[in-house]
Amino acid sequence: MKVRLHHPSRSVHVDGPIRARVLCEQLGYNRESVLVVRGDDPVLGDAVLEDGDSVEIIPAISGGAV
Amino acid sequence: MSCRCGKAAVMEVRRLRAEFCRDCFLGHCTSQVRRMIAKYGMIRPGERVLVAVSGGKDSLGVWDMLLDLGYSADGVYLGLGIGRYSDRSAGFARDYAQSRGVVLREVQLREEVGFTIPKAAPKRSSPCAACGLSKRHLLNQAASVSGYDVLVTGHNLDDEASVLLGNVMAWDLQYLARQRPVLPAAPGLARKVKPLVALSEREMAAYCVLKKIRYIVDECPMAAGNKHLALKELLNAVEDRTPGSKTSFYHGYLDRLHPLLGHVVDEQHQQLHECRRCGAPTSTPTCAFCRLQSEVLQSEVLQLAAPRRAEPADRPTRPAGMEAGDPLDA
């Protein structure tokens, strides 16, 4: 499946099926710091992502001046 | 996994050991905001509310929740002059305001104070230091001048916990005493409130995705290497192993330690007087923002007076992440 990433914006190919939690681990993301979205909705860590799914990993952490 | 209502869950909040369907998750977010407003007396009935809007998930999310809760809230956007990033941020803020039919005030730094953040950045220890100082001053001014009672910011649990960690590591009692979800009104200062302090950044990202609120996902190109981003990653490493750590760290501080710092707050208030240039409250003869403004404008005058040189090395440095076509001070 194609997984869209940010910072910088890019896409990577990952073979499915794969759980969202494992996808984060494989790509080096702390799952507390990102949101995995399939189509229009977030998914749980145990959700199984299949080839053909449209997946995006949205960074949750942001901010400079606070 | 199912939500407690029986529908399919789309979002988990591990610190609560809960999974939510769309509607229950949105209800959870709104109820956390309502709870913080009530607990800390953030907004009183009939007050005029101004939301500081950056075009990011937190500020657009809190604006959305306040409107859904029935508050009459306008927005204010500061144009920081950070090239295409500022242009895109403004676009998201304007689009949201238009979609809800609400007022968005805009303040462009270049027009209002004569400089932009890329110009001010070299004058302070980091770009974020110059930006934060300018935002605090100009947002307060926007609220005070236009007669708003309350200024709302989108600071969330991660923002507050990371700042708290930084202040604890430095044992800075003055900053610790000031770190509250409500900063009371004072002459020249609107009440400043942070209704998102019980919600994490991840929850705010999910809120915007589920409500289809379009926001700027890109990080500010000038924030690369920012200390608080590193502290947030550290805290999330702990949160991943022990869900609930950020909440107990920050809210435990507010409930148990902050009350012991009341004398520091009192001392700070006693030291405040009007800035001799702009009239804003300050503990020094001229406020920090006016000093920054003087330094930046003085440099501009000196640069204009200096003979121009054509060497590429003399061109201003473009912050990491800014694109080739981005003007440094557009």
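For the first entry I took contact to mean heavy atoms within 4.5 Å. The model I am reading is a predicted one. With that cut-off, I found that 38 residues of chain B are in contact with 25 residues of chain A. I then looked up the area buried between chain B and chain A, which is about 2,700 Å², with carbon and sulfur atoms giving 56% of that area.

I noted three salt bridges between chain B and chain A, and one of them joins B:D240 to A:R31, whose closest N and O atoms are 3.7 Å apart.

I asked myself which elements give two or more residues to the side of chain B that touches chain A. They are β1 (11-13), α2 (57-68), α6 (127-145), α7 (157-170), α9 (201-211) and α10 (227-241) of chain B. Of these, α10(B) gives the most, with eight residues. I sorted the residues of that side of chain B into 16 nonpolar, five polar and 17 charged.

My last entry is on cysteines, where I counted zero disulfides over all chains. B:C290 is in no disulfide either, and its nearest cysteine sulfur, that of B:C287, is 3.6 Å away, whereas the cut-off for a disulfide is 2.5 Å. I also noted that B:C29 is buried, with a relative accessible area of 0%, and that B:C290 is buried, with 3%.

Definitions and conventions. Residues numbered from 1 in each chain as written. Chains lettered and ligands numbered in written order. Predicted model: local features only at pLDDT ≥ 70, side-chain atom pairs only at ≥ 80, totals over all residues. Heavy atoms only, no water. Buried < 20%, exposed > 50% of the residue type's maximum accessible area, 1.4 Å probe, protein only. Buried area = accessible area lost by both parts, 1.4 Å probe. Salt bridge = Lys/Arg side-chain N within 4 Å of Asp/Glu carboxyl O. Helix = DSSP H or I, 4+ residues; strand = E, 2+ residues; numbered from the N terminus. Nonpolar A, V, L, I, M, F, W, Y, C, P; charged D, E, K, R; others polar.
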